[in-house]
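Hello,

Here is the structure I promised to pass on. Please have a look before reading my notes below.

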Amino acid sequence: MEDKEAKATGQLLQCIEVTTAETQAVKAWLKQQALLHDEYKVKKMNGNLVVLPLCNNCTLSQCQMLDLNKLCLSYRTVLIPMRSLQARKYKLDKISQPLHQSVADLYEKSTGIPLAANLAAQIPNHWIKHDDMIVLPANSFTAQEWLALGDELWHLVCSTLGAKRLAKNSAILNDNHRTPNVEMLLGDCSWVTHMDNGIKYTFDITKCMFSPGNITEKIRISNFDCSEEIIVDLYAGIGYFVLPYLIHAKAKFVHACEWNPHAVEALEKSLILNKVREKCTVYFGDNRQHAPKFIADRVNLGLLPTSRPGWHIACAALRPDRGGWLHVHGNVNTYKVVQSERKQFWQQWGEEVASELELILNQMHSDKSGWKATCKSVTHVKRYAPHIDHLIADVHCTV
Ligand SMILES: C[S@@+](CC[C@H](N)C(=O)[O-])C[C@H]1O[C@@H](n2cnc3c(N)ncnc32)[C@H](O)[C@@H]1O
């Protein structure tokens, strides 16, 4: 390993030390935050401890330290000699092979030196494609040595992968807006249009992110018949759920709340692009101040790890004369639950959510008691992290 950081730290690499039981959860979280060094394997230490190597140069923010503290009882940051860590062996597939070959050829032609293994490991094996733009993972081409190739490298990556624009990912910023950290490498315009389930989502990849993980919920919503319904989406983002409600579920009208100005700009453009602008009002700002009241047949609460901050607002948004549906998202920890009892545990979570909502509704409408909130079903959207399930409780509220 010849990069500057390795020399500066005397060939030591910063790692996170946790117990073996915590490894899976911490590893998934580090990957999600683009902090895990994927050139090296996790290393077993004495006792029941392991170390997870961190990317060169990375420092944990205050928020990240707090998140990590929630995932494990105690962790330590330690410096481990690089030579004691085992490097990963990469298996190239048919898609990444041409990229590796052409980059290695360019490197040798430009520098006169064959590409070293540590640099070859920084050529990506996967990427995301939106339109004519490729977004590379955070750990690709990080070494100083790549700078010698200049823009020729980015032109080569684009032409090999059949794109015109190139960008590179970094960790999502911990700022409550889910702001991505994306750098444009080639091309000026960072807006892309992503086609998903027959809907066009347009957004600036340096300002907003697209969540492919919610596709099952988007499809489920698309199968609803909301032709007679008014919907409130408290956490609209770039319109992940607003657009399926309007386009496939044929909602009569959607009120969309969102406080990230970049997401609002993207949502408004997508509403126009999909020709449904006149069927949606966008409320820019904190939904605690701006969400509409007493009009909804259905309220979507798509906030993780919990949508609890929106429960009162959602109850207030429901029609006071006949109630409606609340789709409550949440992450649930199933660490101690055996596989055979998982579904029952999910249902129990949904019922607890419904009882709390019933309490809120009855307190809110103290003049008219007798509100009932029933959990009709719980949907498992995805495994968010090991032992953490992203669930949605469909709660029917009646009066
Ligand atoms: C997890 S994203 C949800 C996007 C979409 N529903 C999904 O599941 O992919 C949450 C969105 O809610 C917005 N948000 C969070 N708290 C908010 C608040 N109090 N008022 C308005 N928007 C909020 C964030 O900016 C973000 O775009």
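Start with Tyr-245. Its relative accessibility is 0%, so Tyr-245 counts as buried. Please keep in mind that this is a predicted model.

Which residue pairs with Tyr-245? Phe-224 does, and the aromatic pair is tilted. The two ring centres are 6.4 Å apart, with 45° between the planes. Phe-224 has a relative accessible area of 19%. The cut-off for buried is under 20%, so Phe-224 is buried.

This pair links distant parts of the chain. Phe-224 sits in the loop between helix 7 (215–222) and strand 11 (230–233). Tyr-245 belongs to helix 8 (residues 242–247).

Another of them joins Phe-141 and Trp-146. That pair is edge-to-face, at 4.9 Å centre to centre and 90° between the planes. Phe-141 has 6% relative accessibility, so Phe-141 counts as buried. Trp-146 is at 3%, so Trp-146 counts as buried too. Phe-141 and Trp-146 also belong to an aromatic cluster, together with Tyr-107 and Trp-154.

Now the ligand. Which domains supply at least three residues each to the shell around the ligand? Domain 2 (96–186) and domain 3 (211–398) do. There are 17 residues around the ligand. Those that come nearest are Asn-214, Tyr-240, Glu-258, Asp-286 and Asn-287. By class, the shell holds 5 nonpolar, 9 polar and 3 charged residues.

- Glu-258: an N or O atom in the side chain of Glu-258 is 2.6 Å from an oxygen atom of the ligand.
- Tyr-235: a polar backbone atom of Tyr-235 is 3.2 Å from a nitrogen atom of the ligand.
- Trp-259: a polar backbone atom of Trp-259 is 3.2 Å from a nitrogen atom of the ligand.

How much of the ligand's accessible area does the protein cover? On its own, the ligand has 590 Å² of accessible area, and the protein covers 93% of that.

Best wishes

Conventions:
Residues are numbered from 1 along each chain as its sequence is written. This is a predicted model: local features need pLDDT of at least 70, side-chain atom pairs count only at pLDDT 80 or more; totals for chains, interfaces and linings use all residues. Side-chain values use heavy atoms; hydrogens and water are left out. A residue is near a molecule or strand if one of its heavy atoms lies within 4 Å of it. A polar contact is a pair of N or O atoms within 3.5 Å; within protein, one must be able to donate a hydrogen and the other to accept it, and residues adjacent in sequence count only if both atoms are side-chain atoms. Accessible areas come from the Shrake-Rupley method with a 1.4 Å probe; for residues, only the protein chains shown count as cover. Ala, Val, Leu, Ile, Met, Phe, Trp, Tyr, Cys and Pro count as nonpolar, Asp, Glu, Lys and Arg as charged, and the others, Gly among them, as polar. Domain bounds come from an automatic or database domain assignment. Rings of Phe, Tyr and Trp (its six-membered ring) pair if their centres lie within 6.5 Å; planes under 30 degrees apart count as stacked, over 60 as edge-to-face and the rest as tilted. Buried means under 20% relative accessible area, exposed over 50%, partly exposed in between (1.4 Å probe, protein chains only). Helices (H or I, at least four residues) and strands (E, at least two) are DSSP runs, numbered from the N terminus.
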